[in-house]
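Welcome! Please take a moment to look over the sequence and the model, and then we will walk through them together.

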Amino acid sequence: MPEQLNIRVDGDRSGGADAEAFFKRPFRRPQISLHLRGQKAGVAHLQENLLRFNAQLYRDNREHFLQQTVAHEVAHLVAHHLFGPRIRPHGEEWQSIMRGVYQLPAERCHHYAVPRRRATRCLYR
């Protein structure tokens with residue numbers, strides 16, 4: 001697991017510790033996985049307290065990924081812990097955490113170049 005990713009989630013520049021200071025309460029540290037593939041940069045599994053990240057997109061976009069994508073996914077967990085399971089994924093609760101805690105734009109989607117997987121076509125006769 002890349003150390004910078006762990007530090008970011010745990011709260012060096014803006015991970016869980018920033019949310020803890022902002023809301024004056026502790027949050028359980030999530031498990032982190034780099035086994036996400038495809039077009040998604042990250043996914044927060046709320047019930048499992050798990051963050052999954054795309055290792056290839058992390059390697060290709062390290063600085064922005066650490067700043068924006070990690071905060072984006074941590075904000076989902078924080079919103080879930082604070083407001084419960086019935087909120088919209090990118091609703092006003094999540095947006096207020098992105099702007100207030102992390103001081104980042106509440107962007108829903110990344111703009112990373114995603115390498116297309118080469119499709120193999122098989123001709124069946």
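A crossing of two helices is left-handed if the near helix is turned anticlockwise from the far one by less than a right angle, and right-handed if clockwise. Helices (H or I, at least four residues) and strands (E, at least two) are DSSP runs, numbered from the N terminus. This is a predicted model, in which local features need pLDDT of at least 70, side-chain atom pairs count only at pLDDT 80 or more, and totals for chains, interfaces and linings use all residues. Residues are numbered from 1 along each chain as its sequence is written, and side-chain values use heavy atoms, with hydrogens and water left out.

With that in hand, the crossing of H4 and H5 is right-handed. These helices pack at an angle of about 130°, their axes 9 Å apart (axes are lines fitted to C-alpha atoms over the stretch in contact, and angles run from 0 to 180 degrees between N-to-C directions). H4 and H5 are therefore oblique to each other, a class left over once angles under 35 degrees (roughly parallel), over 145 (roughly antiparallel) and 65 to 115 (roughly perpendicular) are set aside.

Now for the strands, which pair if DSSP finds at least two bridges between them.

| Strand pair | Sense | Bridges | A bridge pair |
|---|---|---|---|
| E1 (residues 31-33) and E3 (residues 50-53) | parallel | 3 bridges | Ile-32 with Leu-51 |
| E2 (residues 42-45) and E3 | antiparallel | 4 bridges | His-45 with Leu-50 |

In the hairpin of E2 and E3, 4 residues lie between the strands, and Asn-49 takes a positive phi near 55°.

Leu-5 has contacts (heavy atoms within 4.5 Å) with residues including Ile-32, Phe-53 and Phe-65, leaving aside residues up to four places away in sequence.
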